[in-house]
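I set out below what I looked up in this structure, entry by entry.

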Amino acid sequence: MINLNGKATRVEKVLYDVSLLDFIRDQAMLKGTKFGCGQGFCGACTVHLDGIAQRACQLKMSEVRGHKVTTIEGLSALTDDEGLHPVQRAWIAEAVPQCGYCQPGQIMTAAALLAANPTPGDEEIRAGMSGNLCRCGTYSRIHRAVARAAQER
Amino acid sequence: MGKITGTTSFNRRKFLLNSGWLATGLTVLTACKSVIPVLPTTTNPENEDGLAWLQVLVDGRVRFFCPRMEMGQGAPIGLSQIVAEELNLDQAQIECVTPATNQSPPFKMTVGSESIAVFSEPVSLAAATLREYLRERAAATSGLPVGQLKDAPGGFEAAGRHFFGYGDLISEEAIVLHADDYSSVEQYFNAGKNPYNAVGKRWPSPDIENIVTGKVVYSRDVSLPGMLFGDVVRPPRFGATLIDAKVKAETALSNGQVLVIDVVNNLVGVVSDNPFMLADALEKIEPVWALPKDAPGLDKLDIARYRGNGDFEHTLIDNGNEALVGDAGVQSITANYTTSYMAHAAMEPGAAVASVRKSGVEIWCGCQDPYFIRGRVAALLQRDEGDVIIHPLRMGGGFGGRVLSQPAEEAALLSAHVGRPVRVQWNREAEFQHNYFQPKFSHAIDSGLDETGKIAYWHHDFVSSPIIFGLVPKGLASILDTFVADKGTARGAKPPYAIEHQRLRYSDIRTDTPTGAWRGLGAAPNTFAIESIMDELAFAAGKDPLAFRLAHLVGDGQHIAQLSGVLRQVGDLSGWGRSVAKDRGLGIACATYKDQTHVAVVADVAIDHSERQVNVVKLWCAQNSGLVINPDQVENQVLGNLVWGCGMALKEKLTVSDGIVNERNFDTYEILRHEEAPEVDIKLVDTMQAKPLAVGEAAFAPTVAAIANAAFAASGKRPRSLPFNYDSLYT
Ligand code: FES
Ligand code: FES
């Protein structure tokens with residue numbers, strides 16, 4: 001079993017060797033977590049494992065049994081109100097996305113970063129967000145959005 | 001205003017049915033041209049094409065079948081704003097739809113930063129024509145003269161009392177508009193007439209909430225009932241051909257897995273009913289390949305080889321003066337510059353789902369030219385184009401790399417074989433190894449300074465590979481290559497400067513390495529060479545690089561004034577001329593993209609000796625791209641260009657040996673990371689010019705050169721080969 005976005009989810013034994021990313025996308029059929037590189041280089045597959053940002057492509061299901069996994073689809077449930085997570089709202093306010101493909105991963109990294117450090121400085125944002133590649137080059141808007149979310153939380 | 005008539009020209013009836021028009025209201029439509037199949041769709045839109053893209057719904061909203069693909073550049077938003085401007089609508093009243101290939105006549109592929117620059121006019125004309133047609137209907141309905149029906153949000157009003165909403169003016173009767181005179185319809189989008197002023201507003205992407213919640217559907221996210229999962233063993237080398245394949249001895253495919261061998265189409269793969277077992281199954285396949293005999297011939301792209309005998313395929317400018325070379329009064333400055341093969345490296349690796357049935361073929365994929373994909377898939381399956389429907393999806397980045405969709409072709413062949421829908425997803429390795437690439441460029445420029453510090457002559461030669469014709473199939477290629485100079489390879493190669501004696505020659509040599517469109521085509525490599533030697537010349541002349549450029553931008557034309565204008569602006573913005581700390585340097589460069597958009601960039605580069613690093617600290621950019629439809633979208637595109645420019649200058653390099661790409665993932669093919677991204681300061685020049693111009697690739701070319709020039713200013717060492725880094729600079 002894993003706890004996936006608050007729901008107890010069964011993991012068949014035959015799937016123990018499958019990556020968490022493949023499980024999320026092709027078994028749980030949640031498509032918001034993205035495949036970018038499959039080898040831990042890009043951050044597109046970032047999810048929260050017990051609240052910590054992790055690369056889903058680098059985890060096997062056998063390693064995450066019994067743990068709590070949150071994907072982009074479950075992120076807004078982490079807030080008190082019904083609406084979007086403050087990081088998602090900041091992303092909209094700063095019009096961050098271009099193609100958008102990297103953004104679920106960016107948002108998951110940012111949300112975990114702010115949960116651990118609610119008032120990050122510029123250098124902490126740069127370092128904290130550097131594992132997430134964006135080919136469209138949205139970095140400076142991502143930076144602004146993280147800073148905004150920190151302010152508005 | 002010209003006469004707009006309702007006719008029933010039903011040669012387009014199929015599109016009407018498919019766009020749901022019969023049920024929902026009025027579609028404006030007229031005859032459209034056909035395009036040549038199985039070549040990228042390159043015909044520019046005619047004004048009347050626009051009429052097939054708009055549909056008034058009975059609730060008064062307007063559906064816009066946007067003829068541009070969304071890959072993050074936001075063109076559909078900008079064009080929606082133009083529709084809104086002409087029809088007095090707000091964002092909620094526009095439903096922007098990406099048409100499947102059976103919902104719109106073919107339109108030009110989404111490339112070249114021309115979605116707004118080229119399509120704003122036909123889209124605006126179509127919307128304005130529709131508006132005036134509706135005004136005539138309001139007049140007919142009310143018995144009032146047309147002149148009394150004034151524009152109002154979502155309709156017209158008469159004497160400030162009666163309101164006629166668009167929805168009230170149409171019924172479900174079958175009307176097809178044929179507009180036979182457009183010239184006199186008044187367009188608002190570039191005249192600032194609409195009370196809503198949709199143009200110039202920061203409309204958000206209609207998808208933004210779905211993007212930040214992970215709900216947007218990209219190619220990889222498509223799932224059909226009964227879908228199977230396929231993958232392919234791709235050739236081990238460019239040009240390798242499949243002879244046969246079998247399952248390795250002592251292994252077997254599982255139940256529910258099928259080996260597909262298609263020698264004619266050079267494809268061997270597996271289809272599996274279980275997505276998690278696909279990779280293992282693929283490992284069990286043993287293909288037999290015939291490898292090409294010839295060496296891949298990369299040395300063909302070395303300028304030295306051509307320079308000796310002056311043997312170039314194309315001459316763009318032929319007013320050189322060899323007599324000045326070595327003349328006593330002329331100081332000669334010569335240099336060679338090279339740039340590397342580069343990958344698109346879009347964050348979404350290619351993917352597609354294909355469903356091939358007797359009754360028809362449907363493909364879901366993100367692509368820049370759905371009609372080209374349709375033609376290719378039809379040819380591959382030996383089906384009629386009319387049997388094939390492409391459903392284009394939002395792309396997780398395009399940058400020229402999605403003109404083809406190889407996953408769509410693979411999925412189509414596999415699906416044809418198994419008779420069920422098949423999904424093919426490329427991984428990152430396939431994306432690096434089997435897409436097509438930006439070719440490398442090898443430049444040599446000889447130039448000379450006269451005693452007054454003016455450029456006396458400029459002899460520029462370069463060699464690279466075809467870009468626009470890079471994807472043309474082999475047979476056609478040999479004919480094309482003989483007659484046609486690839487304009488993409490030469491993009492941006494003419495210097496904007498007034499130089500009396502110029503010669504510009506080049507060769508576009510086809511090698512085994514597949515090359516094709518990549519952001520800006522030749523613009524960045526060519527601008528890098530031009531703007532680097534301009535810097536070398538300025539230095540040799542003892543002149544300030546900004547002043548030296550301005551001194552060579554002489555003449556009347558608007559272009560000269562605008563390019564000088566952005567140079568001065570970026571100078572002001574960056575505080576050009578101020579002194580900077582040791583190991584810091586400012587560099588400047590400028591370019592005109594596609595003879596329309598003028599951009600100048602200043603880079604601030606720092607050399608960090610302890611970390612052995614070159615850092616781009618800040619970039620300033622002044623851009624004149626005419627009318628700004630959506631400042632957020634334009635700023636985002638400029639931002640993307642600046643970041644991309646840093647990557648090309650400092651990091652990106654694809655290497656090929658023996659017909660194999662060596663890089664497989666982002667550990668070896670590096671793109672810029674967040675912590676390396678510079679601070680940026682972007683100024684979009686206020687312009688009264690009423691035409692929006694190319695944006696998506698414009699700022700990139702001068703960025704690369706500005707960074708190289710700044711590195712020289714900081715270190716005294718000139719990067720002439722890209723990418724460069726601390727070590728290449730100091731050894
Ligand atoms: S897909 Fe997991 S880090 Fe790139
Ligand atoms: S928005 Fe396109 S990759 Fe980040």
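I call a residue buried when its relative accessible area is under 20%, exposed when over 50%, and partly exposed in between, using a 1.4 Å probe and protein chains only. The model is predicted, so I took local features only at pLDDT of at least 70 and side-chain atom pairs only at pLDDT 80 or more, while totals for chains, interfaces and linings use all residues. Residues are numbered from 1 along each chain as its sequence is written, chains are lettered from A and ligands numbered from 1 in the order in which they are written, and side-chain values use heavy atoms, with hydrogens and water left out.

**Entry: salt bridges**

I counted a salt bridge where a side-chain nitrogen of Lys or Arg lies within 4 Å of a carboxyl oxygen of Asp or Glu.

I looked up B:Glu431 and found a salt bridge to B:Arg402, with the closest N and O atoms 3.0 Å apart. The pair links distant parts of the chain, 29 residues apart: B:Glu431 is in helix α11 (residues 428-434) of chain B, and B:Arg402 is in the loop between β19 (388-392) and α10 (406-418) of chain B. B:Glu431 counts as buried because its relative accessible area is 5%, and B:Arg402 counts as buried because its value is 7%. For element names I used DSSP runs numbered from the N terminus: helices are H or I of at least four residues, and strands are E of at least two.

I next asked which residue meets B:Asp221 in a salt bridge. The partner is A:Arg25, at 2.8 Å, N to O. B:Asp221 lies in the loop between α6 (208-212) and β10 (228-232) of chain B and A:Arg25 in helix α1 (residues 20-27) of chain A, so this pair joins two chains. Both B:Asp221 and A:Arg25 are buried.

I also noted a network of salt bridges linking B:Glu531, B:Asp535, B:Glu536, B:Arg549, B:Arg718 and B:Arg720.

**Entry: helix α4 of chain B**

Within α4(B), B:Arg135 and B:Glu132 lie 3 residues apart, about one turn of the helix. They form a salt bridge, with the closest N and O atoms 2.8 Å apart. B:Arg135 is buried at 8% relative accessibility, and B:Glu132 is buried at 9%.

**Entry: strand β23 of chain B**

I found 8 of the 8 residues of β23 (residues 501-508) of chain B buried, so the strand is largely enclosed by the rest of the structure. B:His501, B:Arg503, B:Arg505 and B:Ser507 point one way, and B:Gln502, B:Leu504, B:Tyr506 and B:Asp508 the other way.

I took two strands as paired if DSSP finds at least two bridges between them. Strand β15 (residues 314-318) of chain B runs antiparallel to β23(B), joined by 4 bridges; B:Thr315 has B:Arg505 as its bridge partner. Strand β22 (residues 455-464) of chain B runs parallel to β23(B), joined by 8 bridges; B:Trp458 has B:Gln502 as its bridge partner.

**Entry: cysteines**

B:Cys646 is buried, with a relative accessible area of 1%.
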